[in-house]
Amino acid sequence: MSTDTPLMTALTFDRLREDWHCSTGLIKEKVPRPVLTDNDRDSVIIRVQYAGFCGSDRGIWWRKAFGDMILDSLDDSQTDKRIVGHELLGEVVELGADVTRVRVGDRVSAESHIVCGMCLQCLNGELHVCANDKIIGISHDGCFAEYIKLPAKCLWPTNLDKIRPEIAAIQEPFGNAVHACQATDLRGKPVVVIGCGTIGLFVILIARALGASMVIGVEVDPHHAELAKQLGCDAVLKPSMPSSDAPYASDPTLIAQIQELTDGLGVDVAFEMVGHNSALNNAIKSVRRGGHVVMFGVRNGNVIIEDYHRVVMNGLHMHGVVGRRIFDTWETTRALLENQDNGIQEAIFNIILAGGTEPIVHINDWNKDEFEGIIQRYPKPIIQFAEQ
Ligand SMILES: [Zn+2]
Ligand SMILES: [Zn+2]
């Protein structure tokens with residue numbers, strides 16, 4: 001690094017300073033500002049205003065997920081630190097020579113999956129399952145920084161007259177929930193959301209706005225159960241913990257409660273947002289014959305499906321959901337957020353973001369210990385990097 005390289009503040013995982021396996025958190029440090037080189041004709045530099053802290057960033061914080069992907073990508077690029085973060089709102093400040101999609105001064109969010117455009121899926125328009133995708137903040141430097149360099153094809157211009165900037169910064173995770181809700185038609189149908197974490201909370205708002213007739217939440221944590229209620233769930237149920245000799249098992253009491261709320265039929269759609277084996281069985285058992293199970297929760301390893309014949313003989317539809325359809329999910333996301341009648345922006349800001357108070361942290365005030373408390377107390381912390 002030459003002495004006149006401009007520096008910026010960023011939050012990183014730095015393998016020269018910390019061993020992945022015996023550390024936690026992120027390091028706040030000065031790193032070189034990204035610059036456009038001759039190879040970046042299709043990229044832009046964005047000045048970050050707000051960045052959302054994702055569940056996957058919690059996985060990195062506690063070293064529970066993405067370690068192999070980060071370390072392998074550092075090996076590939078022969079570097080030692082990764083700037084984390086992939087949910088952002090910022091301002092385009094510099095353009096590569098070939099960029100025509102956006103202009104300097106545009107306010108943009110970004111799709112976090114950088115797709116190749118060349119593989120079978122990309123050529124068939126299924127860009128969200130690109131065979132060669134890179135993920136911002138994991139295999140490409142991320143947005144927990146004052147500036148980020150991104151390919152222009154990832155950008156999503158956003159009208160801040162219609163979407164407030166803190167919420168514009170979390171269109172990407174909101175879009176995950178929109179994508180889950182696009183798996184099947186929800187109009188006029190009772191649904192259950194199993195797991196009211198951040199994305200589950202978004203699903204509650206979106207399912208309601210897209211016309212679901214009843215939204216039932218299932219949540220263990222009392223704080224999240226309360227948030228689910230405030231966001232308009234018709235009922236919030238608490239599952240019992242599965243016994244240790246059958247940790248995969250569904251909860252018969254919970255299933256009976258869901259049946260009772262739906263005239264003995266079961267719901268049309270169950271969203272599995274947890275990734276626990278028992279939650280998947282609860283989802284499968286809570287849907288009516290011919291119903292849909294939308295699987296969003298992630299876990300590694302094997303699962304046991306109870307009464308597997310039921311999946312086939314009841315003609316259930318199973319949907320795995322990843323990322324967002326590029327960019328049609330973003331268009332629906334924009335329509336839902338820009339609509340001033342559905343109350344979604346107010347609900348996100350007042351309830352999920354706690355009115356913009358403690359969960360929004362300015363980078364100048366950021367320190368590891370305090371932020372560690374905030375990521376445990378709030379579903380969607382946001383880091384502010386610039387005033388506007
Ligand atoms: Zn995310
Ligand atoms: Zn591809």
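Which residues in H5 meet which residues in H6? From H5 they are Pro173, Phe174, Asn176, Ala177, Val178, Ala180 and Cys181, and from H6 they are Thr198, Ile199, Phe202, Val203, Ile206 and Ala207. The model is predicted.

**Helix pair H5 and H6**

- Two packed helices are described by the angle between their axes and the distance between the axes.
- Helix H5 spans residues 171-181 and helix H6 spans residues 198-209; they pack at an angle of about 55°, and their axes are 8 Å apart.
- An angle of 65 to 115 degrees would count as roughly perpendicular and one under 35 degrees as roughly parallel; H5 and H6 are therefore oblique to each other.
- The handedness of the H5 and H6 crossing is right-handed.
- Sorted by class, the contact of H5 with H6 comprises 11 nonpolar residues, 2 polar residues and no charged ones.

**Strand pair E11 and E12**

- Strands of a sheet pair through backbone hydrogen bonds, either parallel or antiparallel.
- Strand E11 (residues 190-194) and strand E12 (residues 214-218) run parallel and are joined by 5 bridges.
- Val193 has Gly217 in E12 as its bridge partner.

Key. Residues numbered from 1 in each chain as written. Chains lettered and ligands numbered in written order. Predicted model: local features only at pLDDT ≥ 70, side-chain atom pairs only at ≥ 80, totals over all residues. Pairing = 2+ DSSP bridges. Helix = DSSP H or I, 4+ residues; strand = E, 2+ residues; numbered from the N terminus. Axes fitted to C-alpha atoms, helices over the stretch in contact; angles between N-to-C directions. Parallel < 35°, antiparallel > 145°, perpendicular 65-115°, else oblique. Left-handed = near helix turned anticlockwise from the far one by under 90°. Contact = placed C-beta atoms within 7 Å. Nonpolar A, V, L, I, M, F, W, Y, C, P; charged D, E, K, R; others polar.
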